[in-house]
Amino acid sequence: MQSFRIDRQSGYGRINVTPELWLRDEEGKEHRFQGDMFETARPGHEVAVISRPGSGKPLAFANFTTGVVHDGDALTISTSVGSTIISTLGLSVLLALPGALVWAALLDTIGLGDQALTATGFQVYAIVLIGCVYVGLRIWSKSYGKRTKALRDEIDRLLASEIASATRT
């Protein structure tokens, strides 16, 4: 996205530009796509957009003329250990207060309710909370990685078949 700043007195203002792409499918229906991944599209280029079936949100964009394939935002989420640790800390802070109420209720059911709000109780709670959130995020990130890899393989297969059919005609 490009932006320029313009105001009345100085002659400067702000204009935001977002690349837009209009494509017509086999049935003649037009589809509008918008986003930075479509910057490389020019009139006359052979292009393809792979979109999510339910929402129509673009997952990948291929420009056959330039030979470039861009992955959409859904395929570029970082699942590294560092990202997971940062996400764990953020999510733990969000869950801390509601989790503390659940923690106190659980300890109360086993007869340790008076220990829940002590310094030791909070330390154990923090370790359990952060550990559970980290494990949950690691499991999610591994399954996300597998889903993303399968989706990228499917996109590559679709694009390869599109290239093959284009060269046959």
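Which helix is L89 found in? L89 is found in helix α1, and that's where I'd like to start. By helix I mean a DSSP run of H or I with at least four residues, and strands are E runs of at least two, numbered from the N terminus.

Quick housekeeping. This is a predicted model, so local features need pLDDT of at least 70 and side-chain atom pairs count only at pLDDT 80 or more, while totals for chains, interfaces and linings use all residues. Residues are numbered from 1 along each chain as its sequence is written, and side-chain values use heavy atoms, with hydrogens and water left out.

Okay, L89. Its relative accessibility is 48%, so L89 counts as partly exposed. The cut-offs there are under 20% relative accessible area for buried, over 50% for exposed, and partly exposed in between, with a 1.4 Å probe and protein chains only.

Now the shape of α1. There are 29 residues in α1, but the end C-alpha atoms are only 36 Å apart, against the 42 Å a straight helix would reach at 1.5 Å a residue. That expected span is 1.5 Å times one less than the number of residues. There's a kink of about 55° at A96, shortly before the proline P98; the bend is the angle between axes fitted to the seven residues ending at a position and the seven starting there. After α1 comes G111, with a positive phi near 90°.

What about the buried side? In α1, the buried residues include T84, S92, A100, W103 and L107. The largest nonpolar core has eight residues in all: A100, W103, L107, A116, Y125, L129, V133 and L137. Both α1 and α2 supply at least two residues each, and α2 gives the most, with four. A core here is a set of buried Ala, Val, Leu, Ile, Met, Phe, Trp, Tyr and Cys residues joined through side-chain atoms within 4.5 Å.

On to charges. How many salt bridges does a search of the whole structure find? Three, where a salt bridge is a side-chain nitrogen of Lys or Arg within 4 Å of a carboxyl oxygen of Asp or Glu.

One pairs E30 with R24 at 2.8 Å, N to O. E30 counts as partly exposed at 43% relative accessibility, while R24 is exposed at 59%.

Another joins D153 and K149 at 3.1 Å. Those two are four residues apart in α2, residues 119–168, which means about one helical turn between them. D153 is partly exposed at 40%, and K149 is exposed at 53%.

Then there's E154 with R157, at 2.4 Å. They sit three residues apart in α2, so again about one helical turn separates them. An α-helix has 3.6 residues a turn, so residues three or four places apart point the same way.

Last stop: G44, in the loop between β4 (30–34) and β5 (47–51). G44 is exposed, with a relative accessible area of 74%. From G44 to T65 is 21 residues in sequence and 8.8 Å in space, C-alpha to C-alpha.
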